[in-house]
Amino acid sequence: MRFLLLIFLLSFSLFKSQECYDLKTVLKVEPTELYKPHLLASQNFGVKILQNTKTVDKNIANGKFVKVKKKSRGYRLQTLEYSRPYLVKKARTTLERMANDFAAKTKSFFVVSSVTRTLEDQCRLRKVNSNASLGISSHNYGAAFDISYVRFDHKLKVNPKLEKELEKVLTEYKNLGKIFYIKEKQQSCYHVTVRNY
Ligand SMILES: [Zn+2]
């Protein structure tokens, strides 16, 4: 019996130590010039890189992370498969304000397609999307989210008019020093990182 227990414990610890990523390798991947400001901004909130559910829970417990509402004026949250609906407070407020500004101009809403990802989530994502970053991402610090530009009002189609209005809002917040954003054509989204302004 004791022997069986030993085997069980051994295999459990072996299983536990098998991460799907190697933190040292992940941290060593050099970000692109375009992406560097995103990473630096996301690291400015004093959140340590999110490795797994436990680290997310810690940030919820200590009040750093707040839950992103499923909907608010101007946005809807998509069902999240590879990310979690939590952000640092300032990022959530900024999302809500941008969405509100967007709704005021358009009477429409945009769709948030991805929020906070742990390194483990990123491994799962990489299995289905080989474009998912190998290195760290601003999603790994709870300060970034993606806005789809092909799903306004939950209609899956290109809408140049609404896309332009969304980009206007993004540019305005960028010029105010509140966010950085990149248009990601492969994912049909705007990747938005909130700065600690
Ligand atoms: Zn993104």
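Modeller: Helix α5 passes helix α7 in a right-handed crossing; a crossing has this hand if the near helix is turned clockwise from the far one by less than a right angle, and is left-handed if anticlockwise. The model is predicted, so local features need pLDDT of at least 70 and side-chain atom pairs count only at pLDDT 80 or more, whereas totals for chains, interfaces and linings use all residues. Residues are numbered from 1 along each chain as its sequence is written. Helices (H or I, at least four residues) and strands (E, at least two) are DSSP runs, numbered from the N terminus.

The axes of α5 and α7 are 10 Å apart, and the two helices pack at an angle of about 135 degrees. Axes here are lines fitted to C-alpha atoms, for helices over the stretch in contact, with angles from 0 to 180 degrees between N-to-C directions. The pair is therefore oblique, the class left when angles under 35 degrees count as roughly parallel, over 145 as roughly antiparallel and 65 to 115 as roughly perpendicular. From α5, the contact draws on T94, M98, D101, F102, K105 and T106, which meet L162, E165, L166, V169 and Y173 of α7; residues are in contact if their C-beta atoms, placed from the backbone, lie within 7 Å. By class, these contact residues are 6 nonpolar, 2 polar and 3 charged (Ala, Val, Leu, Ile, Met, Phe, Trp, Tyr, Cys and Pro are nonpolar; Asp, Glu, Lys and Arg charged; the others, Gly among them, polar).

Helix α5 (residues 89–106) lies across β2, β3, β5, β6, β7 and β8, at about 130 degrees to β8. Helix α7 (residues 160–175) touches β5, β6, β7 and β8, and its direction makes about 145 degrees with that of β7. The sheet is open, with 6 strands in the order β2-β3-β5-β6-β8-β7 and mixed pairing; strands pair if DSSP finds at least two bridges between them.

Strands β3 and β5 run parallel, joined by 3 bridges, with R76 opposite V111. By contrast, β6 and β8 pair in the antiparallel sense over 5 bridges, and S148 has C189 as its bridge partner. Strands β7 and β8 are also antiparallel, over 6 bridges, with F180 standing opposite T193. These two strands form a hairpin with 4 residues between them, where S188 has a positive phi of about 50 degrees.

Strand β8 is largely enclosed by the rest of the structure, because 6 of its 6 residues are buried (20 or more other C-beta atoms within 10 Å of the residue's own; exposed means 12 or fewer, partly exposed in between, with C-beta atoms placed from the backbone). In a regular strand the side chains alternate between the two faces of the sheet. Accordingly, C189, H191 and T193 are buried on one side of β8, and Y190, V192 and V194 on the other.

The loop between α5 and β5 holds K107, a residue other than glycine with a positive phi, near 60 degrees. K107 is exposed, with 9 other C-beta atoms within 10 Å.

Key: Contact = placed C-beta atoms within 7 Å.
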